[in-house]
Amino acid sequence: ENSSKVLRRPLDLPSGGARGEHEEEENALEAIFFFGDTYEGDGFFFLLDRSGSMSGFKLAMLKTEMNSALGELSPTSEFGSVSFGGDYSVFSPTPSRATSGMVAAAQAWVNAMEAAGSTMMLQAAQQLMPIVEISSRRDRRVIAVGDGSPNNPGPEETLTGILAANTQQLPIDTLLVGANEPALLFMQQLASDTGGTFLQISY
């Protein structure tokens, strides 16, 4: 197998240059379609609200969107996810390669989410950011989805805490489900302070 790789490598040079395979993987951006918008990157990390106010249609919609987005990832991508309500749940403590097996496991984890409790976003973000930061991917996207303002602790302390946890100053894209005014202000601020995008989702 090794000899065949050596024989094939010169054929790759005209189009791919002399880059190593690992670097080519890191340079390969891909796009996921998520809640009607397109996000490009080579690593996708999700912070998902499953608080009590997400019950019913909103959580069902989140599950549908997550299952679809995970299914779009190629095996060279990395991903991670932490959900939160009155507690938090971590899919994996390390970044996962988007192999078919890991994607299926993540989809099962998403489908098992149940809406309950308050909006403990800070604690979940403090679990997610270290996972993001040990990823080897260069163009990582952190995507936070929720419908309410953090309340345990409140928005100001949550914002300060997330910015402190984001030691590599990565952009955080935020998606607000619905039109809750305090949540709107918080999600816009989090995106603005980190250089991410903000999207409001009507339903």
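Reply: Helices (H or I, at least four residues) and strands (E, at least two) are DSSP runs, numbered from the N terminus, and the expected span of a helix is 1.5 Å times one less than its number of residues. This is a predicted model, in which local features need pLDDT of at least 70, side-chain atom pairs count only at pLDDT 80 or more, and totals for chains, interfaces and linings use all residues. Residues are numbered from 1 along each chain as its sequence is written, and side-chain values use heavy atoms, with hydrogens and water left out.

Me: How do you know that H4 has close to the expected reach?
Reply: H4 has 12 residues and reaches 16 Å from its first C-alpha to its last, close to the 16 Å expected at 1.5 Å a residue.

Me: Why are H3 and H4 called roughly antiparallel?
Reply: Helix H3 (residues 57-72) and helix H4 (residues 100-111) pack at an angle of about 175 degrees, taken between N-to-C directions on a scale from 0 to 180 degrees, with axes fitted to C-alpha atoms over the stretch in contact. Angles under 35 degrees count as roughly parallel, over 145 as roughly antiparallel, 65 to 115 as roughly perpendicular and the rest as oblique; H3 and H4 are therefore roughly antiparallel.

Me: What makes the buried residues of H4 line one face?
Reply: Val103, Ala106, Trp109 and Val110 are the buried residues of H4, buried meaning under 20% relative accessible area, exposed over 50% and partly exposed in between (1.4 Å probe, protein chains only). Seen down the axis of H4, they fall within an arc of 120 degrees, so they line one face of the helix, the arc being that of the directions from the helix axis to the C-beta atoms.

Me: Which elements do the buried residues of H4 pack against?
Reply: With contact meaning heavy atoms within 4.5 Å, they pack against strand E3 (43-49), H3, strand E4 (78-84) and strand E5 (88-90).
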